[in-house]
Amino acid sequence: MDLLNTLAEKGLRRELPTREEALAVLATPDDDLLDVVAAAGKVRRQWFGRRVKLNYLVNLKSGLCPEDCSYCSQRLGSKAEILKYTWLKPDEASKAAAAGVAGGAKRVCLVASGRGPTDRDVDRVSQTIEAIKEQNQGVEVCACLGLLSDGQAGRLRSAGADAYNHNLNTSEGTYGEITTTHTYADRVETVHQAQAAGLSACSGLIAGMGESDSDLVDVVFALRELDPDSVPVNFLIPFEGTPLAKEWNLTPQRCLRILAMVRFVCPDVEVRLAGGREVHLRSMQPLALHLVNSIFLGDYLTSEGQAGQADLDMIADAGFEVEGAGTTTLPRHRADAGGGCGSQSDACGSHSGGCAPCGEGPEAEAETTEPAEVPAARTDLVSVRRRGAGTDLAPNA
């Protein structure tokens with residue numbers, strides 16, 4: 001297909017697609033799916049080879065969140081029967097992190113429910129970061145604590161944090177339909193604070209919440225402008241007891257097209273396959289490795305993932321390799337610039353820092369396809385986490 005050849009060539013040159021081209025990827029028919037994967041796979045291999053970075057989540061504080069994010073099992077008013085516990089002690093969190101590192105994880109992601117941390121919370125997390133770094137030489141630590149106040153990003157950086165995660169989740173135009181207790185602009189501001197403090201920014205999206213193709217393209221293009229080093233792509237896990245419990249809108253084919261679109265728009269960025277992959281991609285997960293270069297190992301915040309060994313077997317069987325601790329994840333041009341296309345003011349869209357101009361090149365019209373049949377709900381695939389952090393059972397890593 002001319003469209004896919006054009007997109008592959010653009011990705012190899014770090015020349016970004018047009019909005020119309022991105023929409024066209026999402027509209028490709030299932031008959032062309034392997035061609036889509038192959039084209040995006042060329043871009044993935046150009047910048048990341050066949051390496052897969054492993055990340056491991058530690059849920060420091062679970063449930064009881066005052067925010068009303070409709071997708072979240074920890075939200076205000078959630079009736080999901082998840083684990084609920086207050087802050088893990090630094091040694092408990094470090095022990096949980098060690099299990100992930102032993103399983104091959106290069107990065108540990110420390111997450112806590114809530115609107116944002118108090119200064120006391122930042123002190124607590126800082127102690128946890130120091131404990132993890134002391135016991136696990138060379139491990140990366142990413143914090144995800146919600147909206148940041150002035151100075152908190154710098155304190156986390158001083159404690160040894162390497163990165164900060166705060167997802168945009170959905171488009172600015174539809175954000176108010178998903179969350180009312182904070183704004184899209186609040187999220188953007190927190191990412192900017194992390195970047196200004198020298199933290200590697202990690203920001204992504206959630207697909208499958210009933211959004212349109214235009215919404216998906218909007219949020220991915222917004223992420224491109226924000227210029228994070230990592231873009232996690234989550235697929236909604238429709239927890240019973242949340243407002244989006246009935247939103248079963250994804251097929252494995254749809255998920256692969258979304259991942260391919262993200263790769264074309266963010267060709268040289270760490271694209272991470274995150275929550276919901278087991279639920280929605282199912283047996284087609286190995287194909288996703290041709291599009292992403294990073295996954296989470298084992299369990300998520302409140303749901304269980306597939307066995308950690310199954311993740312490692314999948315990577316090996318698909319012909320990929322786990323990225324070693326001594327390997328730099330990002331391509332040299334991004335790593336040398338400290339992540340992104342130079343400084344934040346040189347992010348793609350300003351056409352400086354050596355990046356090809358955004359949005360140039362021929363436009364491709366989206367193909368028309370019949371609406372996909374809504375898949376049957378697979379509630380049997382949603383397993384609430386009952387092991388690991390906050391329990392007496394061994395973690396999945």
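**Helix packing and buried spots**

Tutor: Start with helix 2 (residues 19–26) and helix 9 (residues 213–226), which pack at an angle of about 130 degrees with their axes 10 Å apart. Helices here are DSSP runs of H or I of at least four residues, strands are E runs of at least two, and both are numbered from the N terminus. Axes are lines fitted to C-alpha atoms, for helices over the stretch in contact, and angles run from 0 to 180 degrees between N-to-C directions.

Student: What is this model, and how are residues numbered?

Tutor: This is a predicted model: local features need pLDDT of at least 70, side-chain atom pairs count only at pLDDT 80 or more, and totals for chains, interfaces and linings use all residues. Residues are numbered from 1 along each chain as its sequence is written, and side-chain values use heavy atoms, with hydrogens and water left out.

Student: Which residues of helix 2 and helix 9 make the contact?

Tutor: Helix 2 brings Arg19, Ala22, Leu23 and Leu26. Helix 9 brings Asp213, Ser214, Leu216, Val217, Asp218 and Phe221. Contact means heavy atoms within 4.5 Å.

Student: New topic. Which residues in helix 13 are buried?

Tutor: In helix 13 (residues 308–317), Gly308, Asp311, Met314 and Ile315 are buried. Buried means under 20% relative accessible area, exposed over 50%, partly exposed in between (1.4 Å probe, protein chains only).

Student: Where do the buried residues of helix 13 fall, seen down its axis?

Tutor: They fall within an arc of 120 degrees, so they line one face of the helix. The arc is that of the directions from the helix axis to the C-beta atoms. The cover over them includes strand 1 (51–61) and helix 11 (277–280).

Student: What comes after helix 13?

Tutor: Gly319 follows helix 13, and its phi is positive, near 85 degrees.

Student: And Gly41, buried or exposed?

Tutor: Gly41 lies in helix 3 (residues 33–48). It counts as buried, at 0% relative accessibility. Leaving aside neighbours within four places in sequence, Gly41 is in contact with His290 and Leu291. The C-alpha atoms of Gly41 and His290 are separated by 4.9 Å, though the two are 249 residues apart along the chain.
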